[in-house]
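Please keep the sequence and the structure at hand while reading.

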Amino acid sequence: MTRVYVHDVAVRDGFQIEPAFVPTDVKIALIDELSATGLAKIEATAFVSPKAVPNLRDAEAVMRGIRRVPSVIYSALVPNAKGAERAVACEVDEINLMVSASETHNRANVNRTTEQSLSGFRDVMSIVHGTGVAMNGSISTTFGCPFEGSIPETRVFHCVERYLKLGMDGITLADTTGMAHPKQVRELTRAVLARFPTAEITLHFHNTRGMGLANVLAGLEAGVVRYDGSLGGLGGCPFAPGATGNICTEDLVHMLEAMGFHTGVELDKLLVAARRLPDIVGHDLPGQIAKAGKITDLHDAGVPKTPIS
Ligand code: COA
Ligand code: ZN
């Protein structure tokens with residue numbers, strides 16, 4: 001049975017774009033609840049400028065307040081050296097760096113050219129060196145940019161190559177605004193793996209245009225076994241117009257398990273957390289299984305068990 005590693009990013013990618021600040025103790029309680037579900041990785045926060053993303057201004061308090069489960073990798077998004085210093089001080093398990101394949105989105109997101117971001121990561125590597133913190137490099141707008149449209153695959157190859165030269169342990173190809181379609185995912189992911197066969201790839205999809213889980217199937221066909229999702233399907237980048245939710249973690253686990261993949265995630269526990277989430281954020285969420293139930297949840301048909309003659 002193929003193992004698929006499921007990561008949840010709701011507390012970072014989800015809460016960062018919510019209209020209201022989610023209180024620190026609520027974030028901590030949710031991460032602790034997610035930690036008990038069997039997820040492989042939780043992106044707990046981002047060490048970014050509190051002016052740029054006020055909703056995550058409590059990154060230190062969140063990282064220090066959670067109960068760490070040894071089997072879970074606690075990751076945090078970091079844009080620059082200052083963020084890396086803060087993340088290392090909180091003893092995160094992994095730093096997730098970010099650069100956009102699109103020049104325009106990189107400027108909107110972190111106020112730098114992609115080259116400035118990538119060269120700045122050398123400083124990050126010297127801060128992290130010897131600390132034991134793992135490094136992941138995310139490439140936003142890999143499959144398309146809301147400002148520039150389609151992104152030449154050479155831009156994506158360039159970012160992967162630079163990340164690998166810096167010494168990344170993993171690479172995430174991110175579809176920041178849900179522009180990817182399955183054929184493109186299969187072809188681009190295969191091309192990246194053909195060029196960089198040792199790269200440990202994660203795919204990060206948003207369901208903005210309803211293609212999220214179809215893109216996971218395309219990723220599986222290309223051989224990728226690591227996926228980001230967001231509880232309830234929360235999510236979106238504040239610096240990309242029209243950005244909406246990530247693929248929904250519990251819907252992803254439900255699909256994978258139904259197909260015979262092994263995720264190690266206890267879906268029922270995840271669903272308990274997902275069904276509480278609308279109360280936390282104060283609105284309905286796009287996740288389907290929390291509403292419809294699992295395909296194994298059978299209903300009473302309301303007819304007698306023995307046929308009436
Ligand atoms: N954590 C906290 N504060 C930070 C920081 C970090 N990682 N990086 C910079 N800052 C602070 C600086 O200390 C400075 O503070 P001051 O005004 O009090 O002196 C201020 O932010 C500006 O610093 P500067 O280096 O000029 O950054 P900038 O204004 O060009 O912004 C980023 C660049 C990367 C810090 C900012 O754009 C950012 O945090 N973006 C996050 C984007 C994001 O999370 N997007 C969502 C994911 S898709
Ligand atoms: Zn995202």
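## Packing of two helices

At what angle do helix α9 and helix α10 pack, and how far apart are their axes? In this predicted model, helix α9 (residues 212-222) packs against helix α10 (residues 249-258) at an angle of about 50°, and their axes are 11 Å apart. Because angles from 65 to 115 degrees count as roughly perpendicular and those under 35 as roughly parallel, α9 and α10 are oblique to each other.

The crossing in which α9 passes α10 is right-handed. On the α9 side the contact is made by L213, V216, L217 and L220, and on the α10 side by D251, L252, M255 and L256; of the residues in this contact, seven are nonpolar, one is charged and none is polar.

## The nonpolar cores

The largest nonpolar core holds 84 residues, of which I95 and L173 touch the most other members. The element that gives the most to this core is helix α11 (residues 267-281), with seven residues. Apart from this core lies another one of seven residues, including A46, V53, L56 and V110.

When residues up to four places away in sequence are not counted, the contacts of I95 include A76, V78, A84 and A87, as well as V128, V133 and N136.

## M98 in strand β4

M98 is found in strand β4 (residues 94-100), and its relative accessible area of 10% makes it buried, because the limit for that class is under 20%. With residues up to four places away in sequence left out, M98 touches V48, L77, V78, P79, N109, V110, F121, S138 and Y163. The C-alpha atoms of M98 and I17, which are 81 residues apart along the chain, are separated by 17 Å.

Terms used. Residues are numbered from 1 along each chain as its sequence is written. Chains are lettered from A and ligands numbered from 1 in the order in which they are written. This is a predicted model: local features need pLDDT of at least 70, side-chain atom pairs count only at pLDDT 80 or more; totals for chains, interfaces and linings use all residues. Side-chain values use heavy atoms; hydrogens and water are left out. A nonpolar core is a set of buried Ala, Val, Leu, Ile, Met, Phe, Trp, Tyr and Cys residues joined through side-chain atoms within 4.5 Å. Buried means under 20% relative accessible area, exposed over 50%, partly exposed in between (1.4 Å probe, protein chains only). Helices (H or I, at least four residues) and strands (E, at least two) are DSSP runs, numbered from the N terminus. Contact means heavy atoms within 4.5 Å. Axes are lines fitted to C-alpha atoms, for helices over the stretch in contact, and angles run from 0 to 180 degrees between N-to-C directions. Angles under 35 degrees count as roughly parallel, over 145 as roughly antiparallel, 65 to 115 as roughly perpendicular and the rest as oblique. A crossing is left-handed if the near helix is turned anticlockwise from the far one by less than a right angle, and right-handed if clockwise. Ala, Val, Leu, Ile, Met, Phe, Trp, Tyr, Cys and Pro count as nonpolar, Asp, Glu, Lys and Arg as charged, and the others, Gly among them, as polar.
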